[in-house]
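Good morning, and thank you for joining this part of the group meeting. Please look at the chain as it comes up on the screen.

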Amino acid sequence: MNDNAVHVRGLRKAYGGNPAVDGLDLTISTGEVFGLLGPNGAGKSTTVEILEGHRTRDAGEVAVLGRDPGRPDRPWRSRIGIVWQNDVAPGELTVRETVRHFARYYPAPRDPDEVIELVGLSEKADARITALSGGQRRRVDVALGVVGRPELLFLDEPTTGFDPAARRQFWDLIRLLARDGTTILLTSHYLDEVEALAGRLAVIARGRVIAEGAPSSLAGRAGKTATVAWTDDEGRHELRTDSPTGTVAALGRRFSGEVPELTVTRPSLEDVYLDLIRGTEGSEERPS
Ligand SMILES: Nc1ncnc2c1ncn2[C@@H]1O[C@H](COP(=O)(O)OP(=O)(O)OP(=O)(O)O)[C@@H](O)[C@H]1O
């Protein structure tokens, strides 16, 4: 159909007459790490489940790895990987047994021991799943999602329950998979995670994409007013300006050298995101 990993036009899905996905368009290029953001109930999971072939749609054109996920077959399924939101690992097996077991479902799996190492569970390889902590079980979920060497990986809230160090380690794993050519669709409520990992993202509200772009430039973020702050004998100063370069140059001249505690900040991704979704929840008006 086309070379994109994911191609969606006019996707619709309603539950009992209530639209959950309401004319959604999405294109994800092969090899991209794409973030999906949106408030609770925006339609992210419904969209992702349709793309995964786990939910039917009411209308719209959808191609995932060139196929209609509404008619999934086994070879297509083996090309996608899913990290489920809920723990799917069987309890009585060890980590290694579990990963080996799942590897057998795929035609060209990764080496189970390498995968266990990748997710940082080598020391727990012989532990039963039931003996793992919540964050460690989540790592098993990730291992099961990638052991089949997927071309397209769906990650839904992947780092929920991870400690900060484990999150960073997981981000490294995602970057490694991306370098390996894996296309990744990441759904997360952690904006720093999306910013760190995604090349592009879409914000969904009330079943539609309301903004799309690189995290650094979403909704005109890069051009938004900057805040220049510095400290002098009188204390801390903050100046909002559309020309921070000129402001910093003037400060440089005033201090003839280093400006004490100088910072230049633009609105964070979270600021821009919250602005975007403000008014989309509980309102009858739809953003254009
Ligand atoms: N199986 C279902 N039956 C009925 N309504 C559903 C079903 N699944 C989802 N919905 C409704 O569809 C809408 C979109 O839900 P969805 O789970 O896709 O949102 P989401 O963006 O993934 O939210 P969250 O961030 O909370 O996971 C919500 O109003 C939800 O109540």
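Predicted model: local features only at pLDDT ≥ 70, side-chain atom pairs only at ≥ 80, totals over all residues.

I begin with Ser 256, which is exposed, as 6 other C-beta atoms lie within 10 Å. By the definition used here, with C-beta atoms placed from the backbone, a residue is buried if 20 or more other C-beta atoms lie within 10 Å of its own, exposed if 12 or fewer, and partly exposed in between. Residues are numbered from 1 along each chain as its sequence is written.

Ser 256 is found in the loop between α8 and β12; helices (H or I, at least four residues) and strands (E, at least two) are DSSP runs, numbered from the N terminus. The phi angle of Ser 256 is near 35°, a positive value in a residue other than glycine. Glu 157 also has a positive phi, near 50°, and is likewise not a glycine. Where is Glu 157 placed? Glu 157 sits in the loop between β6 (152-156) and α6 (164-179). With 18 other C-beta atoms within 10 Å, Glu 157 is partly exposed.

Let me turn to the sheet. Three strands, 3 in number, form an open sheet in the order β11-β10-β12, with antiparallel pairing; two strands pair if DSSP finds at least two bridges between them. At the edges are β11 (235-241) and β12 (263-265), each of which pairs on one side only. On average, and with direction ignored, neighbouring strands of this sheet are turned by 20° against each other. Axes here are lines fitted to C-alpha atoms, for helices over the stretch in contact, and angles run from 0 to 180 degrees between N-to-C directions.

How many bridges join β10 to β11? Strand β10 (residues 226-232) is joined to β11 by 7 bridges, and the two run antiparallel. Asp 232 stands opposite Gly 235 in β11, and Thr 231 stands opposite Arg 236. These strands, β10 and β11, form a hairpin with 2 residues between them. Towards β12, β10 makes 3 bridges, again antiparallel, and Val 228 has Val 264 of β12 as its bridge partner.

Next, the division into domains. The protein chain is divided into domain 1 (28-55 + 72-218) and domain 2 (219-277), with bounds that come from an automatic or database domain assignment. Between the C-alpha centres of domain 1 and domain 2 the distance is 36 Å. Contact between them involves 12 residues of domain 1 and 9 residues of domain 2; two residues are in contact if their C-beta atoms, placed from the backbone, lie within 7 Å. On the side of domain 1 that touches domain 2, α7 (191-197), β8 (200-205) and β9 (208-213) each supply at least two residues. The residues of that side divide into 9 nonpolar, 2 polar and 1 charged. For these classes, Ala, Val, Leu, Ile, Met, Phe, Trp, Tyr, Cys and Pro count as nonpolar, Asp, Glu, Lys and Arg as charged, and the others, Gly among them, as polar.

Finally, the ligand. Among the residues that surround the ligand are Tyr 15, Asn 40, Lys 44, Ser 45 and Thr 46; a residue is near a molecule if its C-beta atom, placed from the backbone, lies within 6 Å of it. Helix α1 (residues 44-52) contributes the largest share of this shell, 3 residues. By class, the shell has 3 nonpolar, 6 polar and 1 charged residues.
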